Amino acid sequence: MKWFKALNKVQLPGLNAIKTVNVNGKQLCIINNEDNMIATQSSCPHAGGHFSGGWCKNGHLVCPIHRYEYDLETGRGAEGQGDYIDIYPTEVREDGLYIGFEESWWSKLWG
Ligand code: FES
């Protein structure tokens, strides 16, 4: 796992807010769900809606376009959707928020 800094502490989204960041070449959404920082992919797998306009409901991220819901812990879509989103590990450290990325086999060879 490689960790990349995404935000300084003062830039963290407020309670239940969603912020878009670019980190390690990917666009992600950082969601403050009851003071837990969750990092997800930024676009909805259903039809590409951007999660920055979405909101949290009972531990789920709701897409603003057709209101599909995704579990903020597992990334699984609600029953009947049959889809999922990527969730990235997060860590709030002294100097800000870090996001963990799995290392691919090629980065282990060449990184
Ligand atoms: S684009 Fe997200 S629910 Fe349709």
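Glutamate 91 counts as partly exposed in this predicted model, at 34% relative accessibility, and its side chain forms a salt bridge with arginine 93, the closest N and O atoms being 2.8 Å apart. Arginine 93 likewise counts as partly exposed, with a relative accessibility of 28%. A search of the whole structure finds three salt bridges, and they are set out in the table below.

| Salt bridge | N to O distance |
|---|---|
| Glutamate 91 and arginine 93 | 2.8 Å |
| Glutamate 69 and lysine 57 | 3.1 Å |
| Lysine 5 and aspartate 95 | 3.7 Å |

The side chains of lysine 5 and aspartate 95 meet in a salt bridge, and this pair links distant parts of the chain, since lysine 5 belongs to strand E1 while aspartate 95 sits in the loop between strand E9 (90-93) and strand E10 (96-101), 90 residues apart. Lysine 5 is partly exposed at 35% relative accessibility, and aspartate 95 is partly exposed with a relative accessible area of 36%.

Is glutamate 69 buried or exposed? Glutamate 69 is buried, because its relative accessible area is 19% and the buried class covers values under 20%.

Most residues other than glycine have a negative phi. Asparagine 16, however, has a positive phi near 65°; asparagine 16 is placed in the loop between E1 and strand E2 (18-23) and is partly exposed at 42% relative accessibility. Arginine 67, which is not a glycine either, has a positive phi of about 65°, and its place is in the loop between strand E6 (60-62) and strand E7 (69-71). Arginine 67 is exposed, with a relative accessible area of 56%.

On the surface, Trp105, Trp106 and Leu109 form a nonpolar patch with about 440 Å² of accessible area together. Leucine 109 is found in helix H1 and counts as exposed at 58% relative accessibility.

The largest pocket holds about 190 Å³ of space, and Trp106 is one of its lining residues, among which are also Lys2, Phe4, Asn24 and Phe101. Strand E1 (2-7) and helix H1 (105-110) are the elements that give two or more residues to this lining, whose residues divide into three nonpolar, three polar and three charged.

How values were computed. Residues numbered from 1 in each chain as written. Predicted model: local features only at pLDDT ≥ 70, side-chain atom pairs only at ≥ 80, totals over all residues. Heavy atoms only, no water. 1 Å grid on protein atoms, 1.4 Å probe; cavity = no way out; pocket = protein on both sides within 12 Å on 5 of 7 lines; lining within 4 Å. Points joined across faces, edges and corners; volume = space filled by probe spheres on them. Helix = DSSP H or I, 4+ residues; strand = E, 2+ residues; numbered from the N terminus. Nonpolar A, V, L, I, M, F, W, Y, C, P; charged D, E, K, R; others polar. Buried < 20%, exposed > 50% of the residue type's maximum accessible area, 1.4 Å probe, protein only. Patch = residues over 30% accessible without salt bridge, like charges linked within 9 Å, V, L, I, M, F, W, Y side chains within 5 Å. Areas by Shrake-Rupley, 256 points an atom, 1.4 Å probe, with all protein chains shown as cover. Salt bridge = Lys/Arg side-chain N within 4 Å of Asp/Glu carboxyl O.
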